[in-house]
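Please have the model open as you read.

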Amino acid sequence: MGAWELLLVGVVMLLGLCGVLVPGVPGPWLVWAAVLWWALQDPNGLAWSILVGASVVLLAAQAVRWQLPPRRLRESGATRRMAVFAGTGALLGFCVLPVIGAIPGFIGGIYTGERLRLGGHGEAVTATRTTMRMGGTSVLTELFACLLIVGAWIGAIFWG
């Protein structure tokens, strides 16, 4: 697979990661479709292993998500700006502390956005807790699964 094709797969994965944060966009399925496309274009054992692993991770994330309360983020006062802060925090956390760092990064991103919006620590903590209870854990589950898949793909590209 050429560099341009790999770049295009990476762009589709990035769109999928952004799609997790936007209601109505099938972000996890975009990430999975990009892995499928890569595995079909570069058929080797590692590519198929990543595809199978991505399928298992996404199915597990969906099973966990079904056990969580439904998303009601708009009712909690969540804004697009907060989604950007949360996604950026998760991505930065994932890069600073691989894999596990996405969770505190996501929550820290929500807190940072709310702290800037509301001004005080207590109000920001309350707003962060409310957001996580109203559906933030559902978004975090999907985002974490997609970040795991993208991380595995990047690892396979560079070290596979």
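Axes here are lines fitted to C-alpha atoms, for helices over the stretch in contact, and angles run from 0 to 180 degrees between N-to-C directions. Helices (H or I, at least four residues) are DSSP runs, numbered from the N terminus. This is a predicted model, in which local features need pLDDT of at least 70 and side-chain atom pairs count only at pLDDT 80 or more, while totals for chains, interfaces and linings use all residues. Residues are numbered from 1 along each chain as its sequence is written, and side-chain values use heavy atoms, with hydrogens and water left out.

**Helix packing**

| Pair | Axis distance | Angle |
|---|---|---|
| H1 and H7 | within 9 Å | roughly 165° |
| H5 and H7 | within 11 Å | roughly 40° |
| H6 and H7 | 8 Å | about 145° |

With axes that cross at roughly 165°, H1 counts as roughly antiparallel to H7 (the term is for angles over 145 degrees; under 35 is roughly parallel, 65 to 115 roughly perpendicular, and the rest oblique). H1 passes H7 in a left-handed crossing, meaning that the near helix is turned anticlockwise from the far one by less than a right angle; clockwise is right-handed. On the H1 side, the residues in contact (heavy atoms within 4.5 Å) include Leu6, Met13 and Leu17, and they meet H7 residues including Leu143, Val150 and Trp153. This contact has 13 nonpolar, 1 polar and 1 charged residues; Ala, Val, Leu, Ile, Met, Phe, Trp, Tyr, Cys and Pro count as nonpolar, Asp, Glu, Lys and Arg as charged, and the others, Gly among them, as polar.

For H5 and H7, the axes cross at roughly 40°, which makes H5 oblique to H7. Their crossing is right-handed. Among the residues making the contact are Ala90 and Leu91 of H5, and Leu147 and Gly151 of H7.

Helix H6 spans residues 102-118, and its crossing with H7 is right-handed. Their contact has 16 nonpolar, 4 polar and 3 charged residues.

**The second largest pocket**

By class, the lining has 13 nonpolar, 2 polar and no charged residues.

Terms used. Helices (H or I, at least four residues) and strands (E, at least two) are DSSP runs, numbered from the N terminus.
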